[in-house]
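The sequence and model are shown first.

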Amino acid sequence: MLKSVDADLMRVLADPLRLRIVTLLAEETLCSTHLIEETGAGQTNLSNHLRVLREAGVVETEPCGRFTYYRLRPEVIASLAGGFTDLAERARATAENNVKRSCP
């Protein structure tokens, strides 16, 4: 079942740049320099989006010298996907059983 936490996460991931960052991080751990190159976003803009993703628990950081690497937390994405899977299964059962509320 989808919860308010899931709704908050969906709002975080609804931004096109944040979704692009998440997609890139699904492939490899990257530093902000790599993310700027890949997305074309400015440093300040990218940093703000990474902060939102960190605060939402979607990414985690790993300091490496003067750089900070970002890694996607797959369990967060899997949890959201599980909520949608449950919702789809309930909808399928409702359709198969022709469940509908009677009008007064």
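In this predicted model, strand 2 and strand 3 pair in the antiparallel sense, and six bridges join them. Within this pairing, glutamate 62 stands opposite tyrosine 69 of strand 3. Two residues lie between strand 2 and strand 3, which form a hairpin. Glycine 65 is in the turn of that hairpin, with a positive phi of about 65 degrees.

Strand 3 also pairs with strand 1. These two run antiparallel and are joined by two bridges. Here the bridge partner of leucine 30 is tyrosine 70 in strand 3. Taken together, the three strands form an open sheet in the order 1-3-2, with antiparallel pairing. Strand 1 (30-31) and strand 2 (59-64) each have a single partner strand, so one side of each edge strand is left without a neighbour in the sheet.

| Strand pair | Bridges | Sense |
|---|---|---|
| Strand 2 and strand 3 | six bridges | antiparallel |
| Strand 1 and strand 3 | two bridges | antiparallel |

Cysteines come next. A disulfide is a covalent bond between the sulfur atoms of two cysteines. How many disulfides does the structure hold? The number is zero. For cysteine 64, the closest cysteine sulfur is that of cysteine 31, and because the two sulfurs are 8.9 Å from each other, they are too far for a bond. Cysteine 64 counts as partly exposed, because its relative accessibility is 41%. Cysteine 103 has a relative accessibility of 69% and therefore counts as exposed.

The last element described is helix 4. Helix 4 covers residues 43-55, which is 13 residues. From its first C-alpha to its last it reaches 18 Å, close to the 18 Å expected at 1.5 Å a residue. Which residues of helix 4 are buried? They are Leu46, His49, Leu50 and Leu53. Seen down the axis of helix 4, the buried residues fall within an arc of 100 degrees, so they line one face of the helix. Thr44 and Glu55, on the other side of helix 4, are exposed. After helix 4 comes glycine 57, which has a positive phi near 80 degrees.

Notes:
Residues numbered from 1 in each chain as written. Predicted model: local features only at pLDDT ≥ 70, side-chain atom pairs only at ≥ 80, totals over all residues. Heavy atoms only, no water. Helix = DSSP H or I, 4+ residues; strand = E, 2+ residues; numbered from the N terminus. Expected span 1.5 Å × (residues − 1). Buried < 20%, exposed > 50% of the residue type's maximum accessible area, 1.4 Å probe, protein only. Arc of directions from axis to C-beta. Pairing = 2+ DSSP bridges. Disulfide = S-S within 2.5 Å.
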